[in-house]
Amino acid sequence: MKRPIRIEGNIAYVPLTKGYEAVIDAADVPLVDGFNWCAEVQSHTVYAIRRDCSGPTPSTVRMHRAIMGEIDGLEVDHRDGNGLNNRRNNLREATKAQNQQNSRTRRNNTSGFKGVCWDKASGKWMAYIKANGKRRTLGRFTTPDAAHAAYAMASRALHGEFGRIA
């Protein structure tokens, strides 16, 4: 039995499995209606997905892709990093590199700041950033806050609107 979509004004709420709910623009309901969507829980976020068994092999359809359509060679990035916020103002086309620039700080990060790690050799905090396929060292600093400030400045310059500093 299909779970009903709730519409409130210009926003629609799509119920998923595991108690989750995706948010879309009400105008996009025809693109997702008629399917039972599931929650795909990943380490960094949750995505709305469904299975498509219409072809010779089953495939996974992500809600943000169903809304934005197929874009040759590009990915769909969630500006706010929330995989359940599938409103068009939160979705944008991105290269794989741009999508990764908008990633959150990794769980195993020990400094608490994106782009900052402890450098044993110097006994200082090192700031680094990846851009154009190359990792660049931004310098070594006495505090993680100072290293993070260097990362934030470089991210604004190199990553632009896709840069996420936290």
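This is a predicted model: local features need pLDDT of at least 70, side-chain atom pairs count only at pLDDT 80 or more; totals for chains, interfaces and linings use all residues.

Student: How many helices and strands are in the chain?
Tutor: The chain has 4 helices and 11 strands. Helices (H or I, at least four residues) and strands (E, at least two) are DSSP runs, numbered from the N terminus.

Student: What does the C-alpha trace span along its principal axes?
Tutor: About 60 × 30 × 30 Å. The radius of gyration of the chain is 19 Å, while a compact globule of 166 residues would be near 15 Å. That radius is taken over C-alpha atoms, and the globule rule is 2.2 Å times the number of residues to the power 0.38.

Student: What share of the residues is buried?
Tutor: Buried residues are 39% of the 166 in the chain. Buried means under 20% relative accessible area, exposed over 50%, and partly exposed in between (1.4 Å probe, protein chains only).

Student: And contacts between residues at least 24 apart, what's their share?
Tutor: Take contacts between residues at least 6 apart in sequence: 35% of them join residues at least 24 apart. Contact means heavy atoms within 4.5 Å.

Student: Pockets now. What volume does the largest pocket have?
Tutor: About 1200 Å³. On a 1 Å grid over the protein atoms alone, a pocket is an open set of points where a 1.4 Å probe fits, with protein on both sides within 12 Å along at least five of seven lines; lining residues have an atom within 4 Å of a point. Grid points are joined across faces, edges and corners, and the volume is the space filled by probe spheres set on the points.

Student: Which residues lie nearest its centre?
Tutor: Gln-100, Gln-101, Ser-103, Arg-104 and Arg-106, out of 41 lining residues. Elements giving two or more residues to the lining include helix 3 (96-101), strand 10 (124-131) and helix 4 (144-159).

Student: How does the lining split by class?
Tutor: There are 9 nonpolar, 21 polar and 11 charged residues. Ala, Val, Leu, Ile, Met, Phe, Trp, Tyr, Cys and Pro count as nonpolar, Asp, Glu, Lys and Arg as charged, and the others, Gly among them, as polar.

Student: In what sense do strand 9 and strand 10 pair?
Tutor: Antiparallel, over 4 bridges. Two strands pair if DSSP finds at least two bridges between them. Val-116 has Ala-127 in strand 10 as its bridge partner. The two strands form a hairpin with 4 residues between them, and Gly-123 in the turn has a positive phi of about 70°.

Student: What about strand 5 and strand 6?
Tutor: Strand 5 (residues 46-52) and strand 6 (residues 59-62) are also antiparallel, over 4 bridges. Their hairpin has 6 residues between the strands. Asp-52 stands opposite Ser-59 in strand 6.

Student: Which loop holds Lys-18?
Tutor: The one between strand 2 (11-15) and strand 3 (21-25). Phi of Lys-18 is near 60°, a positive value in a residue other than glycine.

Student: Why does Lys-18 count as exposed?
Tutor: Because its relative accessibility is 61%. Asn-132 counts as exposed too, at 71%. Phi of Asn-132 is near 55°, and Asn-132 sits in the loop between strand 10 and strand 11 (134-141).

Student: Is Arg-87 buried or exposed?
Tutor: Buried, because its relative accessibility is 18%. Arg-87 lies in the loop between strand 7 and strand 8 (91-94). Not counting residues up to four places away in sequence, Arg-87 touches Asn-10, Ile-11, Val-23, Ile-24 and Asp-25.

Student: Last one: where does Ile-67 lie?
Tutor: In helix 2. Ile-67 is buried, with a relative accessible area of 4%. Beyond four places in sequence, Ile-67 touches residues including Ile-24, Leu-31 and Leu-91. The C-alpha atoms of Ile-67 and Arg-136 are separated by 36 Å.

How values were computed
Residues are numbered from 1 along each chain as its sequence is written. Side-chain values use heavy atoms; hydrogens and water are left out.
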